Each structure stands twice: as structure tokens, then as C-alpha cells.
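The following report describes a single protein chain, working from individual side-chain contacts towards the arrangement of the whole. Please read it alongside the sequence and the coordinates.

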Amino acid sequence: MHEIKDVQKPLEILMDVAEHADLADRIRLSIDMAASSFFDVTRNLYTYGGIAHTAAELEATIREIAKKFPMLYIEDPFSEGKFDDFTR
């Protein structure tokens, strides 16, 4: 499996396609982050884009995505057992 270096790139591509089809103002994006799959329990860090991040840094990335793209839904933004991360 290839790791995506820029987590926003797939969303940018989808929006480029939507704009090309003149649909950008009619769609909303949804993503399942499945954050448990890139959470390191021993280090208590989320690794994406080749870099380890704290929960606060992941939250900042999620907020940036939500501001930049027409998001409808973001599923599993934090590791399933990290209830404190969900309360941020």
C-alpha cells in the first residue's frame, strides 16, 4: 500500500474533477479517516504524511480540511479507544 504524503491531495483531485464537470457547488465530500489504522499506541501519536503527529496536530489538520473542502462528514477522526481525543 502506498502512503499518501499530502493528505489533502485526494480531496483536491476530487474537487478539480467536480469543478471540471461544473458540479463543485453541488457536492459534499465524506471521508472515513480510520485513524486507528495510523495510531501508534506505544508512542501515543498519529502517523500520516510520513510524520508522527499529536492528537492536537491531527485535530488542526482535520479543521483545515473542513474549512478548505465542502465536507459533509468525517468518520473516525481519532483512534477508536482515545476518547479524550474525541472531546477536543
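This is a predicted model: local features need pLDDT of at least 70, side-chain atom pairs count only at pLDDT 80 or more; totals for chains, interfaces and linings use all residues.

Over the whole structure, the search finds 3 salt bridges. One of them joins the side chains of Arg43 and Asp40, at 3.9 Å from N to O; here Arg43 is partly exposed at 48% relative accessibility, and Asp40 is partly exposed at 24%. Another is formed by Glu59 with Arg63, whose closest N and O atoms are 2.9 Å apart. These two residues are 4 places apart in helix H2, and about one helical turn therefore separates Glu59 from Arg63. Glu59 is buried, its relative accessible area being 16%, which places this residue under the 20% limit for that class.

## Strands and the helix across them

The model contains an open sheet of 3 strands, ordered E2-E3-E4 and paired in antiparallel fashion. Strand E2 (39–40) and strand E4 (51–53) stand at the edges and have a single partner strand each, so that one side of each is left without a neighbour in the sheet. Between E2 and E3, which run antiparallel, there are 2 bridges, and the bridge partner of Asp40 in E3 is Leu45.

Helix H2 lies across E3 and E4, and runs at about 45° to E3.

## Nonpolar cores

The largest nonpolar core consists of 10 residues, namely Met33, Ala35, Phe38, Phe39, Tyr46, Tyr48, Ala55, Leu58, Ile62 and Phe78. At least two residues of this core come from each of strand E3 (45–48) and helix H2 (55–68), and H2 provides the largest share, with 3 residues. Apart from this core lies another, of 6 residues, which include Leu11, Met15, Leu29 and Met71.

Leaving aside residues up to four places away in sequence, Phe78 touches Ala35, Ser36, Tyr46, Ala55, Leu58, Glu59, Ile62, Asp85, Phe86 and Arg88. This list includes Glu59, the residue that forms a salt bridge with Arg63.

## Aromatic pairs

A search of the whole structure finds 5 aromatic pairs. Phe38 and Tyr48 form one that is edge-to-face, with the ring centres 5.9 Å apart and an angle of 75° between the planes. Since Phe38 lies in the loop between strand E1 (29–32) and E2, whereas Tyr48 lies in strand E3, the pair ties together parts that are 10 residues apart in sequence. Tyr48 is buried, with a relative accessible area of 11%.

Phe39 and Tyr46 form a further pair, in this case tilted, at 4.7 Å from centre to centre and with 50° between the planes. Both residues are buried, Phe39 at 13% relative accessibility and Tyr46 at 1%. One aromatic cluster takes in Phe38, Phe39, Tyr46 and Tyr48 along with Phe78 and Phe86.

## The chain as a whole

The secondary structure of the chain amounts to 3 helices and 5 strands, and from the N terminus on these elements follow the order α-β-β-β-β-α-β-α. Taken along the principal axes, the C-alpha atoms fill a box of roughly 45 × 30 × 20 Å.

Of the 88 residues in the chain, 30% are buried. Among contacts between residues at least 6 apart in sequence, 59% join residues that are at least 24 apart.

Conventions. Residues are numbered from 1 along each chain as its sequence is written. Side-chain values use heavy atoms; hydrogens and water are left out. A nonpolar core is a set of buried Ala, Val, Leu, Ile, Met, Phe, Trp, Tyr and Cys residues joined through side-chain atoms within 4.5 Å. Buried means under 20% relative accessible area, exposed over 50%, partly exposed in between (1.4 Å probe, protein chains only). Contact means heavy atoms within 4.5 Å. Two strands pair if DSSP finds at least two bridges between them. Axes are lines fitted to C-alpha atoms, for helices over the stretch in contact, and angles run from 0 to 180 degrees between N-to-C directions. A salt bridge is a side-chain nitrogen of Lys or Arg within 4 Å of a carboxyl oxygen of Asp or Glu. Rings of Phe, Tyr and Trp (its six-membered ring) pair if their centres lie within 6.5 Å; planes under 30 degrees apart count as stacked, over 60 as edge-to-face and the rest as tilted.
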